[in-house]
Amino acid sequence: MAGPRATNQVVRRRTGSVIGNVPAELSSFVGRQDELTQVKRLLSTYRMVTLTGVGGVGKTRLALRTATEVRRAFPDGAWFIDLGGVLPPELATFEMPDAQAVAGLVCATLGVREQSARAPVDALRERLARARLLLVLDNCEHLLSACAMLAEALLRASPGLRIVATSREPLTVVGEATLPVPPLPVPDRHEPPALADLTRCASVALFTARATAALHDFQLTEDNRLAVVEICQRLDGLPLAIELAAARLPVLTPHQIADRLIDRFALLTRSSRRSPDRQQTLRACVDWSFDLCTKDEQRLWARLSTFADSFEFDAIEGICASDDLPVEELLDLTNSLVDKSILVRNHDHGRSARYRMLQTMQVYGLEKLRETGEDAFLARRHRDWYEGLVARARAEWISNRQAYWLTRLTREYPNLRAAVDFSLREPGEVDAALRIALSLPAMYWWARGMFREGRRWLKIALGATTERGVRHTRAMLLASRLAFAQRDGDASRLLEDGERLARRLDAPDAIAQAMFIRGTAAMFRNELALAVELFEAALATLDRAAEPELDQRLHVMFTLVAAAGLAGDHARASACYREVLAITEPNGEGIYRSNAMWAHGMVAWRQGDLDEAAALQLASLRLKCIHGLDDTLGGALCLEVLGWIEAGQQRPDRAATFLGAADAALEDLGTPIRTFGHLAEQHDECERQTRNALGDRIFDETLRHGRGLTYEEALAYALGEVRSAPPATSAAPTPLTRRQQQVAMLVGRGLSNREIASALVISQRTAESHLESILTRLGFSSRAQVAAWMARQHPDG
């Protein structure tokens with residue numbers, strides 16, 4: 001550009017030495033460094049970048065910071081256009097094409113004089129033809145068509161123009177790059193960082209910065225840190241909501257704010273008077289998003305709030321469809337809600353996409369659902385659909401779909417819990433809670449280590465019903481099994497009551513279940529001969545059941561392999577093992593097959609065949625990994641037996657490592673090795689032998705090292721197949737755990753989830769879970785963002 005004398009020049013407004021009107025920041029800019037880098041990188045390649053995201057996520061602030069940092073690259077300046085005050089066409093009181101209305105506002109901001117004979121768009125195109133400037137079009141969501149038409153017209157006319165737009169959904173302009181702006185990362189609720197590290201989390205840093213501004217002597221302390229973590233979690237890391245919460249500190253403590261967030265829309269109602277009306281309160285912000293949706297989108301938003309956590313599209317079809325929301329329209333409506341940032345698509349779950357709502361959007365949707373009177377109906381439909389899902393899982397459990405169902409049921413667990421809770425609190429619905437609990441495959445409870453939760457469900461349901469049929473009997477016996485797993489005194493009482501009722505009803509499957517529980521209890525007391533007798537009786541009783549369940553039979557059989565083998569009946573153990581394989585291998589089943597390998601490996605160990613014993617333990621672990629079976633209990637017991645084998649092979653350092661790793665995993669599940677009386681004696685002997693070989697100090701250090709391994713690291717150590725990722729540098733603080741850093745490093749190298757699982761010797765589902773945690777902690781939405789972040793963390797590769 002030559003200078004202001006040219007007739008097609010923008011009128012330049014200077015603030016100091018800077019051209020444009022980008023407002024100065026009045027508060028600190030917290031977090032978003034990675035997103036800021038991405039926007040600037042995209043602007044170097046694309047001529048238009050649209051920042052999308054839910055209301056209050058910080059799109060405007062990111063756009064303004066971007067403009068501030070890059071404006072010197074634009075000789076004609078960076079210009080901020082707030083479109084929030086422009087009425088959409090349906091509310092305008094005068095006739096003007098909406099693109100022209102937006103163009104008129106841009107003209108006024110840039111100082112381009114309109115002429116009555118020419119449309120504002122034409123005037124802008126002429127004036128910007130040779131300009132080199134940045135336009136920030138803020139709040140485009142209610143004027144999508146207008147903004148898209150204007151942006152495309154100006155970009156075609158002005159090669160030197162760059163546009164950054166903010167909107168709750170993309171403008172879909174040719175050549176547009178879209179960058180979703182996620183909420184700020186929040187601390188892990190289960191393992192919140194230490195106080196010294198907490199402010200490295202952007203959401204906590206934002207709360208602290210705004211809290212200090214509102215209350216000058218505010219400090220993050222050990223006393224209030226968990227309350228601040230809860231605030232950030234429950235507000236989904238939304239910057240607007242966090243700022244509104246911090247503004248309450250002059251009258252409420254962090255603990256009081258956290259307690260009152262059950263009614264977040266009433267609490268978060270204060271902001272700067274200079275803020276737009278829609279950002280004065282959290283409710284106004286969400287109202288704005290709701291009003292921008294079509295009636296069908298609003299209806300689906302409300303119905304989707306029924307879900308307790310993430311969900312898949314088949315659940316949307318099964319629960320949300322109706323005469324006024326036809327199933328064939330749901331895919332497009334779901335896509336539209338994703339575009340509008342109401343729904344968030346979860347990351348990389350293999351064959352099936354999953355969706356979730358931020359808590360704030362869900363709470364708002366539930367309010368709308370109650371207003372329509374559909375809340376109870378949708379909750380019941382939700383319960384019925386998930387009851388059907390569990391029934392399908394049970395029907396396909398002994399098949400090559402087992403790993404799928406184990407993964408699916410794990411992901412659906414919050415929804416299953418919501419379905420059970422609905423049935424427990426609704427009069428006359430308690431039987432449905434029992435059906436869901438009993439339909440879950442038996443090994444699901446053990447593989448996931450979910451003993452306490454299952455007992456809670458069953459205790460409430462059993463206490464709320466007077467029915468004394470077979471279902472009630474089976475529920476008492478399942479509760480007894482779960483209590484035995486935790487060495488709880490209620491186990492014997494529940495077993496006595498359940499077996500008495502089973503025999504009175506002459507229910508063979510329930511009687512066999514009672515015998516199996518008695519056999520397991522005997523085995524845990526190391527009374528192996530009695531255990532074998534009871535297991536054999538259970539199998540014989542199952543043979544006379546009208547429809548014996550293969551799931552129950554396999555559970556008895558693989559346990560019989562262990563009991564008979566340890567009792568010295570190796571022939572019976574081997575025959576039973578072969579029968580398990582004959583059933584499971586053709587069906588592609590994994591859990592019972594791998595557990596039978598573990599049990600038969602103990603038989604080989606007892607016979608002194610240590611090589612065969614080790615081969616069976618490792619084969620069991622590999623089968624769990626290959627099939628994606630997240631069977632922590634089964635894997636931990638494999639590690640325990642590997643410790644015995646290593647001790648027998650005169651490798652005490654490895655033996656102590658395995659003992660420590662097994663101890664840690666079992667304690668995490670609430671089932672320490674003392675639970676398993678038939679294993680405790682061998683454990684003690686292995687520990688004694690290994691301690692004598694290493695000496696007290698080295699043994700304790702090695703045991704402690706084993707206990708410090710993650711479960712996945714212990715599997716990798718056992719299998720000897722890990723290709724170690726470089727450790728994270730200590731120079732750059734990171735919110736990621738050590739295992740998450742390893743996964744992120746491999747993502748940066750371009751590995752797929754399957755390849756990461758292979759490299760770290762973990763299941764693909766576990767790799768996917770780590771990746772989702774990484775994306776959440778870093779506030780990212782794609783693998784590419786993780787790769788870029790890792791490149792910055794490790795510039796030397």
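The legends below describe close-up views of a predicted model. Local features need pLDDT of at least 70 and side-chain atom pairs count only at pLDDT 80 or more, whereas totals for chains, interfaces and linings use all residues. Residues are numbered from 1 along each chain as its sequence is written, and side-chain values use heavy atoms, with hydrogens and water left out.

**View 1. An open sheet of 3 strands in the order β8-β10-β9.** The pairing is antiparallel, where strands (E, at least two residues) are DSSP runs numbered from the N terminus and two of them pair if DSSP finds at least two bridges between them. Because β8 (311–312) and β9 (344–345) each have a single partner strand, they stand at the edges, and one side of each is left without a neighbour in the sheet. Between β9 and β10 (residues 354–356) there are 2 bridges, and R345 stands opposite Y355 in β10.

**View 2. The largest nonpolar core, with 217 residues.** Such a core is a set of buried Ala, Val, Leu, Ile, Met, Phe, Trp, Tyr and Cys residues joined through side-chain atoms within 4.5 Å, buried meaning under 20% relative accessible area with a 1.4 Å probe and protein chains only. F207, W301, L304 and Y386 touch the most other members, while helix α25 (residues 508–524; a helix is a DSSP run of H or I, at least four residues) gives the most to this core, with 11 residues.

View 3. Q298 is buried, with a relative accessible area of 11%. Not counting residues up to four places away in sequence, Q298 touches F290, D291 and C293, contact meaning heavy atoms within 4.5 Å.

How values were computed:
Buried < 20%, exposed > 50% of the residue type's maximum accessible area, 1.4 Å probe, protein only.
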